[in-house]
Amino acid sequence: MTYIAKPKVAHPGLPRNKLGLTSRDYEGTVSTLCAGCGHDSVTTAIIQAVFELNIEPHNLAKMSGIGCSSKTPAYFVSQSHGFNAVHGRMPSVTTGANAANRDLTYIGVSGDGDSLSIGLGQFVHAIRRNLNMCYIIENNGVYGLTKGQFSASADIGSKPKKGMANQQEPIDSVSTALSLGATYIARSFSGDKEQLVPLIQGALLHDGFALVDVISPCVTFNDHEGSTKSYAHTRQFYHQVVDMDYVPPAEELKVAYDDGEAMPVELHDGSKIVLRKMDKRYDPTSRASSFKYLRDHFNRGEITTGLLYLDESRKEMHDLMGNVDTPLARLPLESLHPGADELRKILKRYR
Amino acid sequence: MNPTDTSNPDYFHKVVDCQWACPAHTDVPEYIRLIAQGRFSDAYIENRQSNVFPGILGRVCDRPCEPACRRSRVEDKPVAICRLKRVAADHRDDITHRLPRPPAKKNGKKVALIGAGCASLTVANDLCPLGYDVTIFEALDTTGGLMRTNIPRFRLPPAVLDEEISYIVDMGVDLKFEHRIESLKKLLDSKEFDAVFVGTGAPRGKNLEIPGRYDNDRIYIGIDWLESVAFEHIDTIGEQVLIIGVGNTAMDCCRTSLRLGAKTVKVMARKPRGFFKASDWELDDAEEEDVEIVVNHSPKEFVLENGKLTGMKFDIMEYKFDDNGGIDRGTAVDEVIIPCDDVILAIGQDNAFPWIERDIGIEFNEWDCPVVNKQTMMCSRDGVFFGGDSAFGPLNIIWAVAHGHEAAISIHKYCHDEDIYDRLPAGINLSSQKMGMHEWSYSNDYDPAARRLMPHVDLKERFKKLDIEVELGFTVEQTIQEVERCLNCDIQTVFAADLCIECDACIDICPVNCLTITVNGEEDELRGRLSAPAENRDQALYVSGDLPQTGRVMVKDEDLCVHCSLCAERCPTGAWDMQKSTVLLSYAADEAEDAKAAKITAA
């Protein structure tokens with residue numbers, strides 16, 4: 001960690017977004033994580049994504065639980081809303097927040113411990129509800145905050161710094177989400193911002209639950225030889241299948257894509273995401289074939305990355321429940337609370 | 001691009017913009033840190049090592065370091081380097097015991113220096129400690145040359161000059177005052193000296209040959225007029241004064257006029273603002289004193305009534321700007337007569353060598369200046385060296401000092417029958433500044449303070465006498481703030497590609513977006529696709545070898561790095577380190593040491 005704050009001085013030529021802000025305006029306090037932690041790169045990718053999407057900081061809500069990953073919302077977009085929840089409880093707190101104010105953009109940052117152990121029940125139910133949020137798992141295979149014990153995402157055979165290799169079957173967040181019917185599922189790597197930033201942008205704009213599982217190496221406890229979540233291992237077995245470009249609303253598709261390799265998908269705000277297939281055999285719209293492909297490549301030891309599954313047809317939580325468009329938090333009291341007389345009338349209907 | 005060759009000492013030297021820009025390569029960041037620690041005497045000695053006259057230059061240096069200062073690219077204004085130099089000089093203790101001393105035994109070599117200005121004095125400074133018998137021939141009856149005759153006392157007090165010159169002269173220099181050398185041939189033929197150095201400056205002020213020039217006695221040549229004022233031959237001037245030209249001499253002339261009783265002083269410029277030769281700060285100081293700078297006026301003729309100067313006629317000019325911001329020669333659109341009592345011409349200086357015979361083996365070029373080798377400072381006749389303005393035309397004091405150092409090396413080698421081209425190479429030392437987990441040996445935190453302003457003597461007070469120094473020097477508080485503005489550019493970011501795991505930590509933390517890990521490419525194309533486009537072509541890209549994991553390269557754009565150490569601080573493997581670079585410069589004494597060591601080795 002460092003305690004020297006990043007100085008306010010900035011490159012004079014820094015670009016500004018439509019709000020007149022630079023990416024520096026989307027920063028938070030200086031990171032207290034270990035130097036070289038993958039999470040800090042994910043933080044930078046979030047900053048870049050939010051900056052490029054012209055999101056007003058006060059319209060963003062950062063949600064997290066407990067763990068190294070869950071500390072990171074302090075390190076980006078200081079002027080936004082935030083809630084640092086109990087361990088593993090970020091999904092239900094976010095559900096509550098989203099239920100009250102559906103207009104905010106929700107970004108949850110969690111880790112493999114927070115989401116796949118103590119919070120696994122919360123994680124799967126948020127997917128079931130199709131809660132409209134970007135859910136980032138900073139996945140490093142260890143509990144960094146408690147000095148490097150294996151987490152539920154550790155691969156069989158992965159060696160710890162000291163002691164025996166892991167023997168238990170890992171929980172893979174991506175296949176879990178796929179089996180549960182999540183509508184936007186991506187995997188990326190903290191060391192590949194070119195891929196990661198558009199994936200986060202797509203996740204932020206997607207209407208429904210968007211999972212971005214990011215291999216984010218623990219530089220202190222899980223970056224040695226024999227680890228399957230190290231920088232070197234991830235790079236060696238990196239397998240990109242579907243890359244994605246984000247195209248802002250009202251902007252023409254500039255790049256020409258070969259037929260069959262590119263799939264433009266229009267989002268609700270008029271922007272587009274263009275899926276670029278790196279492997280023609282992969283179909284990111286088919287749950288069954290995606291599942292098989294992912295398992296096959298997993299068994300080969302490969303780390304399949306990119307936008308792995310997308311379904312724009314399913315309704316998100318509010319629409320499933322038929323809620324009004326106005327956030328409940330902004331409805332006047334009389335609409336939310338019709339009064340004792342009205343309540344009596346309603347109850348009467350069920351007598 | 002190929003990996004940057006940091007073994008070339010020039011690479012890291014260029015990153016220290018101020019030191020690279022200084023002709024004498026003064027180690028600016030080092031002396032600023034010494035000032036920050038309150039070590040004023042050490043800062044003074046550090047300065048003196050390279051620039052010989054810290055007290056003088058701390059007031060009147062042309063400061064090539066400041067426009068080069070990285071701080072002026074990161075924000076607006078450069079560090080007040082020159083003013084800090086003066087702080088070191090003002091607050092030093094007695095340092096006489098730390099000055100170089102002549103040896104008890106002379107080396108038997110005699111050297112003649114012509115002119116007692118900054119160039120000759122630097123040569124004397126370097127050669128006396130080696131045992132040379134140094135004689136300076138000076139036409140006037142005092143030392144300092146242009147520094148004394150042309151720079152007004154309200155900018156450079158004589159006491160400061162006297163003290164710093166005495167440090168050199170007291171090493172046993174034989175000063176021959178009122179001894180103008182009328183014939184170089186005679187001096188050389190006397191064979192009294194083993195080498196001769198010419199440091200006679202550019203003593204002839206340019207004239208303006210327009211009608212009326214010689215019809216009265218109220219038109220003066222700027223540098224001659226300043227000299228007359230300095231020696232108190234002139235102590236009054238008329239109420240309305242026009243200064244022709246807008247260089248630094250013009251600034252000294254207009255401000256001096258105000259102190260001799262002029263009521264309105266106008267500086268007449270032929271070109272528009274932005275095309276003046278004067279330094280910005282000298283213009284500011286003159287305008288603060290209510291001098292009017294009149295642009296686009298080209299002198300046409302002097303207006304006389306009954307033999308008395310009453311005014312001057314000017315063409316009013318219009319210029320066309322080209323795409324590069326330059327201007328054409330201009331066209332006269334109107335004319336105007338501006339009344340005046342006196343006119344001072346300050347339109348430049350020329351070299352003049354009527355005392356050097358053209359048949360003694362000294363080659364002259366088309367501008368009637370001697371042909372001088374830029375490295376050795378020797379002319380086409382062996383054993384005759386030039387420096388200062390007399391070498392390549394008017395420059396400034398710090399250049400004269402730089403020439404003096406080089407000439408001293410050449411003279412030493414020449415007198416010892418060594419090859420004057422076989423000089424010690426420049427070197428550089430690098431040493432890590434890491435003191436602990438998060439501790440660096442220098443003040444690495446970026447301080448956003450703005451440049452401090454030099455306090456001046458009150459506008460009414462300063463005109464009472466000619467020798468009231470206008471600039472008061474920085475206060476303690478100002479000094480404390482100004483030193484923190486220095487970005488410590490000599491603390492280099494040094495990268496070891498083999499240690500890098502490409503975690504991006506340095507890239508993410510860099511406040512000024514100067515780092516990128518990317519696929520290598522040609523420079524032009526690479527500059528366009530970095531974290532922030534590297535548009536300043538004067539600043540190098542620091543390119544690593546192939547990184548172990550992906551074969552990409554680390555690229556650092558040196559342009560805006562604030563040397564905050566955060567890249568090294570966030571690096572988990574120590575691939576980045578902050579290392580202090582010390583440029584190793586050689587002086588005549590080092591050449592002498594080197595020769596001695598070589599002799600011992602050979603024996």
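How many bridges join strand β11 (residues 308-318) of chain B to β12(B)? In this predicted model, strand β11 and β12 of chain B are joined by 8 bridges, and the two strands run antiparallel. Within this pairing, Phe314(B) stands opposite Val336(B) in β12(B).

Both strands belong to an open sheet of 3 strands in chain B, whose order is β10-β11-β12 and whose pairing is antiparallel. Strands β10 (297-305) and β12 (331-339) of chain B stand at the edges with a single partner strand each, so one side of each is left without a neighbour in the sheet. Averaged over the sheet and with direction ignored, neighbouring strands are turned by 25° against each other. As background, strands of a sheet pair through backbone hydrogen bonds, in either a parallel or an antiparallel manner.

Helix packing can be followed in both chains. Two packed helices are described by the angle between their axes and the distance between the axes. The table lists one pair from each chain.

| Helix pair | Axis separation | Crossing angle |
|---|---|---|
| α1 (residues 38-52) and α7 (residues 193-205) of chain A | within 9 Å | roughly 55° |
| α4 (residues 40-51) and α8 (residues 81-90) of chain B | 7 Å | about 120° |

For the pair in chain A, the axes cross at roughly 55°, and α1(A) and α7(A) are therefore oblique to each other. The crossing in which α1(A) passes α7(A) is right-handed. On the α1(A) side the contact involves Ser41(A), Ala45(A), Ile46(A), Gln48(A), Ala49(A) and Glu52(A), which meet Lys193(A), Leu196(A), Val197(A), Ile200(A), Gln201(A) and Leu204(A) in α7(A). Divided by class, the residues of this contact of α1(A) with α7(A) are 7 nonpolar, 3 polar and 2 charged.

For the pair in chain B, the helices pack at an angle of about 120°, and that makes α4(B) oblique to α8(B). The crossing of α4(B) and α8(B) is left-handed. Here the contact is made by Phe40(B), Ala43(B), Tyr44(B) and Asn47(B) of α4(B), together with Lys85(B), Ala88(B) and Ala89(B) of α8(B). By class, the contact of α4(B) with α8(B) has 5 nonpolar, 1 polar and 1 charged residues.

At the level of whole chains, 23 residues of chain A are in contact with 27 residues of chain B. On the side of chain A that touches chain B, α1 and α8 (231-236) of chain A each supply at least two residues, and α1(A) gives the most, with 4 residues. This side of chain A has 11 nonpolar, 8 polar and 4 charged residues.

Within chain B, the domain assignment gives domain 1 (9-97 + 451-483), domain 2 (101-203 + 351-415) and domain 3 (207-349). The C-alpha centres of domain 1 and domain 2 of chain B lie 26 Å apart, and 19 residues of domain 1 of chain B are in contact with 21 residues of domain 2 of chain B. Helix α5 (residues 54-60) of chain B provides the largest share of the side of domain 1 that touches domain 2, namely 5 residues. The residues on this side of domain 1 of chain B divide into 12 nonpolar, 2 polar and 5 charged.

How values were computed:
Residues numbered from 1 in each chain as written. Chains lettered and ligands numbered in written order. Predicted model: local features only at pLDDT ≥ 70, side-chain atom pairs only at ≥ 80, totals over all residues. Domains from an automatic or database assignment. Contact = placed C-beta atoms within 7 Å. Nonpolar A, V, L, I, M, F, W, Y, C, P; charged D, E, K, R; others polar. Pairing = 2+ DSSP bridges. Axes fitted to C-alpha atoms, helices over the stretch in contact; angles between N-to-C directions. Parallel < 35°, antiparallel > 145°, perpendicular 65-115°, else oblique. Left-handed = near helix turned anticlockwise from the far one by under 90°.
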